[in-house]
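This briefing is for a reader meeting the structure for the first time. It treats the helix packing step by step and then turns to the pocket.

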Amino acid sequence: LQAELHYLNGNIGCAGEAYVASIKSAQIHKFLHEEALAYELYGIFCVENKMIDEGINQLSMALDKYKLWGALKKCDDLQIFIDIVSST
């Protein structure tokens with residue numbers, strides 16, 4: 001939530017750091033669903049801030065985590081988004 005708040009307030013640098021911290025925290029605590037969501041939100045953040053390659057990497061990581069979690073419908077939707085971003 002801190003990352004999203006920083007992003008909302010225009011603190012791009014702090015937001016990026018907070019997204020990474022969120023991913024690491026989810027990994028440490030083995031919260032797979034939180035890790036997937038953090039990767040996804042960070043990926044969207046990157047895409048929206050013209051860091052397309054990094055965004056696609058983060059979204060791909062989210063896709064892998066959602067698959068491990070068993071969220072197959074989410075995987076389908078995220079893959080469509082990745083395809084759209086990749087084609088632009």
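Is the crossing of α3 and α4 left-handed or right-handed? The crossing of α3 and α4 is left-handed, a term for a near helix turned anticlockwise from the far one by less than a right angle, with clockwise being right-handed. This is a predicted model, in which local features need pLDDT of at least 70 and side-chain atom pairs count only at pLDDT 80 or more, while totals for chains, interfaces and linings use all residues. Residues are numbered from 1 along each chain as its sequence is written, and side-chain values use heavy atoms, with hydrogens and water left out.

**α3 with α4**
- The axes of α3 and α4, which are lines fitted to C-alpha atoms over the stretch in contact, with angles from 0 to 180 degrees between N-to-C directions, come within 7 Å and cross at roughly 160°.
- That angle makes α3 roughly antiparallel to α4, the word used for angles over 145 degrees.
- Residues in contact, meaning heavy atoms within 4.5 Å, include L32, H33 and Y39 of α3 and I52, Q58 and W69 of α4.
- By class, this contact of α3 with α4 has 15 nonpolar, four polar and four charged residues, where Ala, Val, Leu, Ile, Met, Phe, Trp, Tyr, Cys and Pro count as nonpolar, Asp, Glu, Lys and Arg as charged, and the others, Gly among them, as polar.

**α2 with α3**
- The axes of α2 and α3 come within 8 Å and cross at roughly 160°, which makes α2 roughly antiparallel to α3.
- The crossing of α2 and α3 is left-handed, and among the residues that meet there are I12, Y19 and I23 in α2 and E34, Y39 and F45 in α3.
- The contact of α2 with α3 has 11 nonpolar, three polar and two charged residues.

**α4 with α5**
- Helix α4 (residues 52–69) and helix α5 (residues 72–86) have axes that come within 10 Å and cross at roughly 165°, and α4 and α5 are therefore roughly antiparallel to each other.
- α4 passes α5 in a left-handed crossing, with a contact that includes I56, L63 and Y66 of α4 and L78, F81 and V85 of α5.
- The residues of the contact of α4 with α5 divide into 11 nonpolar, three polar and two charged.

**The largest pocket**
- About 200 Å³ of space lies in the largest pocket.
- Its lining includes L1, Y19, E34 and L41, and α1 (2–8), α2 (12–28) and α3 (32–48) each supply at least two residues of the lining of the largest pocket.
- A pocket is, on a 1 Å grid over the protein atoms alone, an open set of points where a 1.4 Å probe fits, with protein on both sides within 12 Å along at least five of seven lines, and lining residues have an atom within 4 Å of a point.

Note on methods. Helices (H or I, at least four residues) and strands (E, at least two) are DSSP runs, numbered from the N terminus. Angles under 35 degrees count as roughly parallel, over 145 as roughly antiparallel, 65 to 115 as roughly perpendicular and the rest as oblique. Grid points are joined across faces, edges and corners, and a volume is the space filled by probe spheres set on the points.
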